Amino acid sequence: MGRILVGTASWTDKTLLSSGWYPPEAKTAEDRLRYYASQFPLVEVDATYYAPPAERTVRLWAERTPPGFVFNVKVFSLLTGHPTRPGSLYKNLRDKVPNKRNVYLKDVPEEVENEVWDRFLSALEPLHETGKLGLLLFQFPVWFPPGERNRKHILRARDRCAPMPICVEFRNAAWMDDEHRDATLAFMSEHRIPYVGVDMPQGHRSSMPPILAATGDAAVVRFHGHSERWDSSDVRERFGYLYSEAEMRSWVPRIRDLADDVETTYVVFNNCCADHSQRNAARFADLLPT
C-alpha cells in the first residue's frame, strides 16, 4: 500500500482562527503554519484560487515547514475557467483586461494568459525545488463538460505545468455519468493524470458522484461535507458540516483500496468551517492503518 497523507484545505480560515483550535501562543502566520505542520503532513492551499501567490510568500511556506511536509495548491481561478476579479490579477496586467466585475479566460489577451501562467508557476518554485509541492489542483467548473475540446484543454494545462504534476476535479457530473465514465477514466489513465474523487452533497448542479479511481501515480480524495446549504454563498453554511465517526469509518476501506494502486494518496478535508476539517482529518488519520 502506498503512503496516505491526510490534511485540510487551508490553515488560515477565519472561522478556524476563532475556533480555538490553535493554541494561544500561535499568534502569527508563522506560528500557525508551524503548528499546523506539527499536526498534519499535508495541506491544500486554496487561497491561490482567489489570487496568485507571491514567490516570497511561497518561500516562507517552504521555510516554515519540516522536511517531508506537502502542499497541494489549487490553481488560480482564471486558469480553470472560473470568473475572476480583475483586481486579483497582477497589477501591471489589470489595465489589459476588460473593465468589468469578472473576467474569464476567453476575455483576456493571449499575452495576459501567458504572463499569468508563467508568474503563477514561477511563484511555486520554492515548493517544487524543496520537494514540498504535491499536486496542482485544477477544479473545473460546471460549464466544463466532457468532450474533445476540454480533454485537449486538460492536456495543455498538464503540459504547461510540467514538471509540476497536476490533478483534476470535475464539477460537471456528465464526466462520470453512465455514458462518459469509462471514457473519462480511460483518458485520465492514458495520460497518467490523477482523478480527484469527492464526497459532497448530491442533487445539485455541481454535484459529482463519490467515485474513486487510480488514474495516475497519485490519487486524491476531497471531503466537502454534506451541508444542506451547499448552494449558499455563505461559506459557513456551505461547508458547515462535521463528519460522524460512522461516516469516516465507512471511507477507510475505500481509501485503503485506492492506496494499493498508487504511490501517494492525498486525503483532504474541505469542510472548512470552524475546526471541523481539522477534527475530522485528525480522527481519519487515526483510523487508517499505520
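Predicted model: local features only at pLDDT ≥ 70, side-chain atom pairs only at ≥ 80, totals over all residues.
Trainee: Which residues make the contact between α10 and α11?

Mentor: On α10 they are Glu245, Met248, Arg249, Trp251, Val252 and Ile255. On α11 they are Asn280, Arg283, Phe284 and Leu287. By class, this contact has 6 nonpolar, 1 polar and 3 charged residues.

Trainee: What makes α5 and α7 oblique?

Mentor: Helix α5, residues 110-123, packs against α7 at an angle of about 50°. Roughly parallel needs an angle under 35 degrees and roughly perpendicular needs 65 to 115, so α5 and α7 are oblique to each other. The axes of α5 and α7 are 11 Å apart.

Trainee: What residues form the contact of α5 with α7, and how do they divide by class?

Mentor: Asn114, Trp117, Asp118 and Leu121 come from α5, and Ala157, Arg160 and Cys161 come from α7. They divide into 4 nonpolar, 1 polar and 2 charged.

Trainee: How do you know that Cys167 is in no disulfide?

Mentor: A disulfide here requires two cysteine sulfur atoms within 2.5 Å. For Cys167, the nearest cysteine sulfur is that of Cys161, at 10 Å. The structure as a whole holds 0 disulfides.

Trainee: Why are Cys167 and Cys273 called buried?

Mentor: Buried means under 20% relative accessible area. Cys167 has 1%, so it is buried. Cys273 has 12%, so Cys273 counts as buried too.

Trainee: Is Ala274 buried or partly exposed?

Mentor: Partly exposed: its relative accessibility is 22%, and buried requires under 20% while exposed requires over 50%. Ala274 also has a positive phi, near 55°, and is not glycine. Ala274 is in the loop between β8, residues 264-269, and α11.

Trainee: Which peptide bond is cis, and where does its proline sit?

Mentor: The bond joining Ala162 and Pro163 is cis, with omega about 10°. Pro163 is in the loop between α7, residues 148-161, and β5, residues 166-169.

Trainee: What makes Ile4 buried?

Mentor: Ile4, in strand β1, has a relative accessibility of 18%; the limit is 20%, so Ile4 counts as buried. Beyond neighbours within four places in sequence, Ile4 is in contact with Ile255, Ala259, Thr265, Val267 and Leu288.

Trainee: Why is Leu258 called buried?

Mentor: Leu258 lies in helix α10 and has a relative accessible area of 6%, under the 20% cut-off, so Leu258 is buried. Leaving out neighbours within four places in sequence, Leu258 is in contact with Leu212, Ala213, Ala214, Ala219, Val221 and Thr265.

Trainee: And why does Arg151 get the label partly exposed?

Mentor: Arg151, in helix α7, has a relative accessible area of 25%. That value lies between the 20% and 50% limits, so Arg151 is partly exposed. With neighbours within four places in sequence set aside, Arg151 is in contact with Trp175 and Phe187. Arg151 and Pro86, 65 residues apart in sequence, are 27 Å apart from C-alpha to C-alpha.

Definitions and conventions
Residues numbered from 1 in each chain as written. Heavy atoms only, no water. Contact = heavy atoms within 4.5 Å. Helix = DSSP H or I, 4+ residues; strand = E, 2+ residues; numbered from the N terminus. Nonpolar A, V, L, I, M, F, W, Y, C, P; charged D, E, K, R; others polar. Buried < 20%, exposed > 50% of the residue type's maximum accessible area, 1.4 Å probe, protein only. Axes fitted to C-alpha atoms, helices over the stretch in contact; angles between N-to-C directions. Parallel < 35°, antiparallel > 145°, perpendicular 65-115°, else oblique.
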